[in-house]
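Here's a quick briefing to read alongside the model. Have the sequence and the 3D view open as you go.

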Amino acid sequence: MADAPIPNPLRIAQVAPVIFPVPPRGSGGTERVVYDLTEALVAQGHAVTLFAPEDSRSSAPLVSAGPSLSALEHMYGKVAPGVPAALEAMQLDLLRERLDSFDVVHCHGEFAHAAVLGDVRARSITTVHWRLDERDRQLFFGHFRDLPVAAISASQARALPPANLAGVVHHGIARDRYAQGDGAEGYLAFIGRMTDQKRPDRAIAIARGAGMPLRLAGAVDVGNPTYFAAHVAPALGERIVHVGELDDAAKQDLLGKAVALVFPIDWPEPFGLVMIEAMACGTPVIAWDEGSVREIVEPGVTGFIVSSEAEAVAAVAQAATLDRATIRRRFEARFTAERMARDYVALYRAQIARAAR
């Protein structure tokens with residue numbers, strides 16, 4: 001059930017990236033978060049305008065400069081390398097023309113919005129949906145010291161200069177998108193890009209060690225196209241299956257029937273949306289101790305945190321002892337879109353007050 005409308009609604013601009021539509025058709029965790037946040041803010045009574053590609057859909061008014069990059073690639077095949085930057089410039093120009101129409105501007109893009117916002121940076125929030133510890137971010141925040149940033153985990157926030165940190169807001173998803181499943185099919189699930197950051201090869205080793213079937217879901221990473229052929233494809237067969245990218249209905253089916261989700265990452269994951277999607281299905285999460293995992297998984301309640309394949313195999317044996325109804329309740333208490341929206345509104349109001357001072 002949506003929150004009741006609140007007094008003193010805000011005029012909010014949500015500015016999405018230009019790569020995928022909002023919500024995405026398949027891949028696109030950032031666009032999924034932008035969609036769920038926008039819908040929750042509208043349900044709570046705020047006046048939201050979504051700046052996103054024209055192939056998006058939303059309960060909020062949509063301002064678009066053109067189609068998403070993914071739509072252009074579908075229509076024309078491979079496009080010129082400069083197309084994403086051109087699409088972003090077009091969208092940000094539409095935002096620039098309307099900056100005075102909003103109490104707060106919330107940007108989910110990469111870099112260029114900071115320059116476009118100018119004096120409006122004081123009443124803006126930026127959410128970066130990627131790691132913050134690389135050189136490009138260090139250069140960026142070294143210059144834009146007055147850009148308020150909402151980190152998506154405390155782990156991500158540790159790489160952010162204190163002057164930029166406006167707060168931490170964990171992701172949330174629509175409460176009713178997924179339902180509790182029974183885990184009765186007896187397999188392990190993996191959802192993620194087929195790349196060395198997500199480590200489906202580890203998932204394969206865990207499944208073999210536990211003597212269980214494994215279903216792998218996710219696209220071959222365009223940035224690491226040889227990884228799948230070298231580390232995943234040779235293992236595929238009757239018990240280890242790659243099912244490709246999934247829509248929400250297929251993800252419900254995969255997660256709801258799985259004994260557990262394995263999340264064997266090998267990088268400082270800023271959040272890990274699939275962990276809360278699994279919890280929404282009542283499915284335990286067995287996750288590597290990296291990045292945000294300790295903030296998301298409650299050991300012995302919603303899953304297990306491990307540091308080796310042996311620990312993961314042992315956790316698989318314990319996963320069926322966890323209560324799936326409890327896991328679902330912890331999702332509802334911690335990771336809904338309604339909660340995410342309330343947390344962001346608190347940051348918005350605090351930022352507006354600081355700007356006024």
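Quick term first: two strands pair if DSSP finds at least two bridges between them. With that in hand, this predicted model has an open sheet of six strands, ordered 10-9-8-11-12-13, with parallel pairing. The edge strands are strand 10 (240–244) and strand 13, each pairing on one side only. On average, and ignoring direction, neighbouring strands of this sheet are turned by 20° against each other.

**Pairings in the six-stranded sheet**

- Strand 8 and strand 11 run parallel and are joined by two bridges; L188 has A260 of strand 11 as its bridge partner.
- Helix 7 packs on this sheet, where it touches strand 8, strand 9, strand 10, strand 11 and strand 12, and its direction makes about 170° with that of strand 9.
- Helix 9 packs on the sheet too, touching strand 8, strand 9 and strand 11, with its direction at about 145° to that of strand 8.
- Moving along the sheet, strand 11 (residues 260–263) pairs with strand 12 in the parallel sense over three bridges, and V285 in strand 12 is the bridge partner of L261.
- To get from strand 11 to strand 12 the chain goes through helix 10 (residues 273–280), and this β-α-β crossover is right-handed.
- Strand 12 also runs parallel to strand 13 (residues 303–306), with four bridges joining them; here A287 sits opposite I305 of strand 13.

**Helix 9**

- K251, L254, L255 and G256 are the buried residues of helix 9 (residues 248–256).
- Their cover includes strand 8 (188–191), strand 9 (214–217), strand 11, helix 10 and helix 13 (324–334).
- Where the helix starts, a side-chain oxygen of D247 comes to within 3.3 Å of the backbone nitrogen of A249.

**Strand 1 and its partners**

- Strand 1 is largely enclosed by the rest of the structure, because four of its five residues are buried.
- On strand 2 (residues 47–51), strand 1 finds a parallel partner over five bridges, with R11 opposite A47.
- Strand 1, helix 1 and strand 2 together form a right-handed β-α-β unit.
- Strand 1 is also joined by four bridges to strand 4 (residues 104–107), again running parallel; A13 stands opposite V105 there.

**L37, inside helix 1**

- L37 belongs to helix 1 (residues 29–43).
- Is L37 buried or exposed? With a relative accessible area of 0%, L37 falls under the 20% cut-off and therefore counts as buried.
- Leaving out residues up to four places away in sequence, L37 touches Q14, H106, H108, M340, A341, Y344 and Y348.
- L37 and G172 are 135 residues apart in sequence, yet their C-alpha atoms are 7.9 Å apart in space.

**Loops worth a look**

- Most residues other than glycine have a negative phi, and most peptide bonds are trans.
- The peptide bond from V22 to P23 is cis, with omega near -5°, and P23 sits in the loop between strand 1 (11–15) and helix 1.
- R199 isn't a glycine, but its phi is positive, near 60°.
- You'll find R199 in the loop between strand 8 and helix 7 (200–210); its relative accessibility is 18%, which is under 20%, so R199 counts as buried.
- S292 lies in the loop between strand 12 and helix 11 (293–296) and is buried, at 0% relative accessible area.
- Not counting residues up to four places away in sequence, S292 touches S153, S155, E269, P270, F271, G272 and M275.

**Cysteines**

- C107 is buried at 1% relative accessible area, and C281 counts as buried at 0% relative accessibility.

Technical notes: Residues numbered from 1 in each chain as written. Predicted model: local features only at pLDDT ≥ 70, side-chain atom pairs only at ≥ 80, totals over all residues. Heavy atoms only, no water. Right-handed = clockwise from strand over helix to strand, strands pointing away. Buried < 20%, exposed > 50% of the residue type's maximum accessible area, 1.4 Å probe, protein only. Contact = heavy atoms within 4.5 Å. Polar contact = N/O pair within 3.5 Å; in protein donor to acceptor, adjacent residues only side chain to side chain. Axes fitted to C-alpha atoms, helices over the stretch in contact; angles between N-to-C directions.
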